[in-house]
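Please look over the sequence and the structure shown below before reading on.

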Amino acid sequence: MSGPSLVVPASGGRFMRRLSSTEATRESMSLGPTVVVPPKHLMAPSDASEVASAMETARHELESAATPGTPPTPQESTVTDKYAYAFDIDGVLIRGGRVIPEAIQAMKMLNGENEYGVKVPYIFVTNGGGKTEQERCIQLSQQLEIEVSPGQFICGHTPMREMAEKYKTVLVVGGEGEKCRHVAEGYGFKDVVTPGDIIKDNQDTTPFRKLTKEEYENSRSRNFGQHEIEAIFVFADSRDWASDQQIILDLLMSKNGRLGTRSETFDEGPPVFFSHNDVVWSTSHDLTRIGMGALRVSLEAMFKAVTGKDLKTTAFGKPQIGTFQFATRLLQQWRKDTHGIDMPPDTVYFVGDTPESDIRGTNEYDHHAENNWYSILVRTGVFQEGTRPRFQPKATVDNVLEAVKHGIEREHKKALKEAMHNTPAVFEE
């Protein structure tokens, strides 16, 4: 009897053409499946037919775009149905805007360049943001020399798009220039305000910050004494903590989000949502730098100091269980649409660099999930050698390539052991 198979044929033996990193453009990325977010609740089932339709459209467009008379040479794909990978990005694949050297080889290994000839499905789950998922995918495709689809990608603020139906006028904080405004509008938020808009209306709002000429021109004019801001969303890291915190604090102490007013009870202001809660993150600097989680802690402490009351805020991203549930559905949809595998993997290997978010979230979700989530910590990011993480991973390795090798070897050994267990013994008479 043969042992259990490590690979299965791709969807119906279908051949697929993959985009190279140089072919990855905004137009080509828009043809792929988009991240499916349920309209009413984060845990609602995905609209599988919508994603499948988008995939089929992409295939037809790519085929028609090929040069007539020179069809691409197809390569048959073999994909394992037993396991999959999920990757954090900063500190795992990218550091300080530059690719970690082993990351490109790790992706090649997952795409079939390994001794077993197996391809392994994978997705990306990052707390980072400040750009559209499409823009991040184009950038990551070029950096890793592969095609990354929006159907494989979750930003920290991706789940926030379901809030667009609940709130009309919102303040969006963080990121470069007008990018976060564009992200929010792309999510369907109807009336998006930035700190620049508020400063343009009343320059005395922030005594120590004056808008540049470009910021002033890009900011939108309105009388905020006549508008109520219903919610505050911190989409990406603040570029000016002092000014952003002053504006957020003004709104939190206002009457129903109307600037220039003060609540007598300090509990009439709008809710505040953060796209993640990472206190530190890995950059090109030798030491970690403070991130959005630190801004959250600072804002809560400032509100307490000024009002004497506790401030309750909400954070998305890792390690929140909802983000891992979202990732589970995204991975299952990606495997179905791309590889024809309509079943969850037995094991998901999550590779991260931050014990407090990546490892903690993976371990906690492992207790809730129907399948196994296996945490792998790399030494290329936040984690510092010689320290003992508060949240212990299942494995600690030097880099992402070693993480991929670890999972593939582990699965191969599991398959061999199962094969030996299922093979009947042969006895001589």
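## Strand β15 and its partners

Strand β15 and strand β16, the latter spanning residues 372-378, run parallel and are joined by six bridges. Within this pairing, G352 is found opposite L377 in β16. The model in which these pairings are seen is a predicted one.

β15 also pairs with strand β3, made of residues 83-87, again in the parallel sense, and here there are five bridges. In this pairing, Y85 stands opposite Y349 in β15. Together with helix α11, which covers residues 355-368, the strands β15 and β16 form a β-α-β unit that is right-handed.

## How β15 is covered

Strand β15 takes in residues 347-352, and six of its six residues are buried, so that the strand is mostly covered, where buried means under 20% relative accessible area. This holds for both faces of the strand: T347, Y349 and V351 are buried on one side, while V348, F350 and G352 are buried on the other.

In soluble globular proteins, nonpolar side chains tend to be buried together. In this model the largest nonpolar core has 35 residues, and those with the most contacts inside it are Y85, F87, L93, M107, F124 and V351. At least two residues of this core come from each of several elements, including β3, β15 and β16 as well as the helices α3 (101-110), α4 (133-144) and α12 (400-422). Another core, of 25 residues, lies apart from this one, and I247, L249, L252 and M253 are among its members.

Which residues is V351 in contact with, leaving aside its neighbours within four places in sequence? They are Y85, A86, F87, D88, V92, I376, V378, V400 and A403.

## An open sheet of five strands

The model also contains an open sheet of five strands, which pair in parallel and follow the order β9-β8-β10-β11-β14. Its edge strands are β9 (191-193) and β14 (314-315), each of which pairs on one side only. Inside the sheet, strand β8 (residues 169-173) pairs with strand β10 (residues 231-234) in the parallel sense over four bridges, and V170 has A231 in β10 as its bridge partner.

Two helices lie across strands of this sheet. Helix α8, residues 241-252, lies across β8, β10 and β11 (272-274) and runs at about 155° to β8, whereas helix α9, residues 292-307, lies across β10, β11 and β14 and runs at about 155° to β11.

Key:
Residues numbered from 1 in each chain as written. Predicted model: local features only at pLDDT ≥ 70, side-chain atom pairs only at ≥ 80, totals over all residues. Heavy atoms only, no water. Buried < 20%, exposed > 50% of the residue type's maximum accessible area, 1.4 Å probe, protein only. Pairing = 2+ DSSP bridges. Right-handed = clockwise from strand over helix to strand, strands pointing away. Contact = heavy atoms within 4.5 Å. Axes fitted to C-alpha atoms, helices over the stretch in contact; angles between N-to-C directions. Core = buried A, V, L, I, M, F, W, Y, C linked by side-chain atoms within 4.5 Å.
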